[in-house]
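Subject: Structure handover

Hi,

Here is the structure for you to look through. My notes come after it.

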Amino acid sequence: MGKDWRYGRKARRKLSAPKIKKHRLQNLQNKKSDIHNNCGDQENTHLPESKNVLTDNNIELTTVTRDDDQTVIVAERENKNSYTGEKSFNSTIPVEVKCSGRRLVDIMFLFDSIKNIDHHPFDCTFRNLTFIKETRNGFFSEFVFMCNFCNKQEVITNEDPNSMTLNSAIVAGIVNTGQGYTQLDTFSAFLNMPNMSNSSYQKIHNDLIKCTENAALEAMEIAGKEEARIAIEENNVNEDRIPLVTVVADAGLFIHKTLHYLAASPDGLINEDSILEIKCPSSIKEYTPQEAVALKKIKCMTDCEGKLVLKKSDNYYFQVQGQLNIAEKKYCYFVVWTPKGFVVDKIPRDESFWKTKIEPFVTRFYMESLLPEMINSRFDRGLPIRSGTSDKPDNS
Ligand SMILES: [Zn+2]
C-alpha cells in the first residue's frame, strides 16, 4: 500500500485522536477489501494465515485469510463493562457483517435452504437471522447466520455441498472456451466476484484433464470393440482374421480429368473406390428418415421393396453421379441422417447417366453462361445473366 499523505510528519501532528482512529479504520477497510478480492491467493500472500483486525467503536471485524483458499469474515461485539470500563468480547451476540460483491448460486438450492429454516419450537424465519461469517472454497461459499431470537446457528451454502461441482464447472467452462486462469481472474474482477486461487485452479484443471482422458479412452475402447464386432459379422477380416475397420477420410477437391472446369468435393472417401455424401435436413430433425419419407416430409428418397433409395429424378442423384464421374469412383454411400436415425443407399456410378444427362448441360452452362460472365460480366452492368443453363446444374 502506498504511503498516505495524511501520515506525513507535518500532517500527523495536526490530526486529533478520533481522526487518527478514523483513518486507521479506513486503511484497514482498504486492506480488508484487498484481501477479500485476492482471497486465498497464496501466490501473493505466502502466509499460512493472515489476520486483519478492524476496530470501530464497539465492533471488532476480523478477516482471516488461510492457506487453504478460504476467507473467513467474522464479527464480534466488544462489550464495555459500564462499571469497570473493561473490554470483553462476546461472540454470542450476533453482529451483522457486510458481505460485498457477487456470488454464483444454485438458485433452487438456495431458495429451498431459506424455506427449510426451522428453529422448532420457535417460528424463526430468515428475517431473524444475522449474517456473521462467510467461508469460501473457490467459488463455493458457506454463509453462517445466527438467529437473534433463539441463538441457533444456520449455515446456508451457495450450492449443495454434497455435489460441489461449481468449481469444476467453472474450470471446465474456462478451458472449453480456450482461456486460462488469468482470464478467469479478469472475468471475476469485472463481475466483482471473488476468484479461486491459482493453485486451486491448477489442481482442478489437472483433475479435469485426467477425467477427460479416461472418458475419451473409454469411449474409444467401446467404439473399437463395436467396430470390430461389426467387421467380423460382415466377414470384413484379413487372412489373419484381424477385423478391418472402414475409415472415412477427408476427400478434398476432385477435378475432372479432361473438363477442368468441373470439380467435385464429396463429404468423404471410403476405401479405394467409394465416396460419401451425407445430408442432414434440419426440416426432418424430429423424425427418422423412414418416418420422414412415409410422411412425405422429404421427397429425395423413395421406398423400394422395403428399402429407402435415392430417386433418380432428384437433384441429389445428379449431384451424386456428378461426383462419382468427376472423382472416378465406383460407389457413393448416400446417407440421410437425423438425430433420430439414418439411412444409407449405396449408389453405383452410372456413366451413361453422366454422358447423356449431366455433362452436356453443365458444359453448356459453363461455355454459354459462366465463362462469358467471367470474361465480360453482365451482372456487373446490371443486366440479366445469359441464359443457356441446364435445368440440373447442381453438380458440385
Ligand atoms: Zn431462531
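Below is what was found in it, starting with the ground rules.

This is a predicted model: local features need pLDDT of at least 70, side-chain atom pairs count only at pLDDT 80 or more, and totals for chains, interfaces and linings use all residues. Residues are numbered from 1 along each chain as its sequence is written, and side-chain values use heavy atoms, with hydrogens and water left out.

**Overall**

The chain has 10 helices and 16 strands. These are DSSP runs numbered from the N terminus: H or I for helices, at least four residues; E for strands, at least two. Of the 396 residues, 35% are buried. Buried means under 20% relative accessible area, exposed means over 50%, and partly exposed is in between (1.4 Å probe, protein chains only). Take the contacts between residues at least 6 apart in sequence: 50% join residues at least 24 apart. Contact means heavy atoms within 4.5 Å. The chain exposes about 25,200 Å², and carbon and sulfur atoms supply 53% of that. The areas come from the Shrake-Rupley method with a 1.4 Å probe; for residues, only the protein chains shown count as cover.

**Zinc site**

Which protein atoms are the donors of the zinc ion? They are His119 (ND1), Cys124 (SG), Cys147 (SG) and Cys150 (SG), at 2.1 to 2.3 Å. Donors are N, O and S atoms within 2.8 Å of the metal (3.2 Å for Na, K and Ca); water is not among the atoms, so sites may look incomplete. The arrangement is tetrahedral because the four donor atoms subtend angles of 98 to 125 degrees. For four donors, tetrahedral requires all angles to lie between 85 and 135 degrees. The spacing along the chain is H-x4-C-x22-C-x2-C. Histidine 119 sits in the loop between helix 4 (107–115) and strand 5 (129–137), and cysteine 150 in the loop between strand 6 (140–147) and strand 7 (153–157), so the pair ties together parts 31 residues apart in sequence. Histidine 119 is buried, at 2% relative accessible area. Cysteine 150 is partly exposed, at 23%.

**Largest pocket**

Its volume is about 600 Å³. A pocket is an open set of points on a 1 Å grid over the protein atoms alone, with protein on both sides within 12 Å along at least five of seven lines; lining residues have an atom within 4 Å of a point. Grid points are joined across faces, edges and corners, and the volume is the space filled by probe spheres set on them. The lining has 22 residues; closest to the centre are Thr246, Val248, Ile270, Tyr333 and Val344. Strand 15 gives the most to the lining, with four residues.

Most residues other than glycine have a negative phi, and most peptide bonds are trans. A cis peptide bond joins histidine 120 and proline 121, with omega about 5 degrees. Proline 121 lies in the loop between helix 4 and strand 5. Lysine 296 has a positive phi, near 60 degrees. That lysine 296 is exposed, at 65%. Glutamate 305 also has a positive phi, about 55 degrees. Glutamate 305 lies in the loop between strand 13 and strand 14 (307–310), and is exposed at 81%.

Best wishes

How values were computed
Tetrahedral: all angles 85-135°; square planar, octahedral: opposite > 155°, others 65-115°. 1 Å grid on protein atoms, 1.4 Å probe; cavity = no way out; pocket = protein on both sides within 12 Å on 5 of 7 lines; lining within 4 Å.
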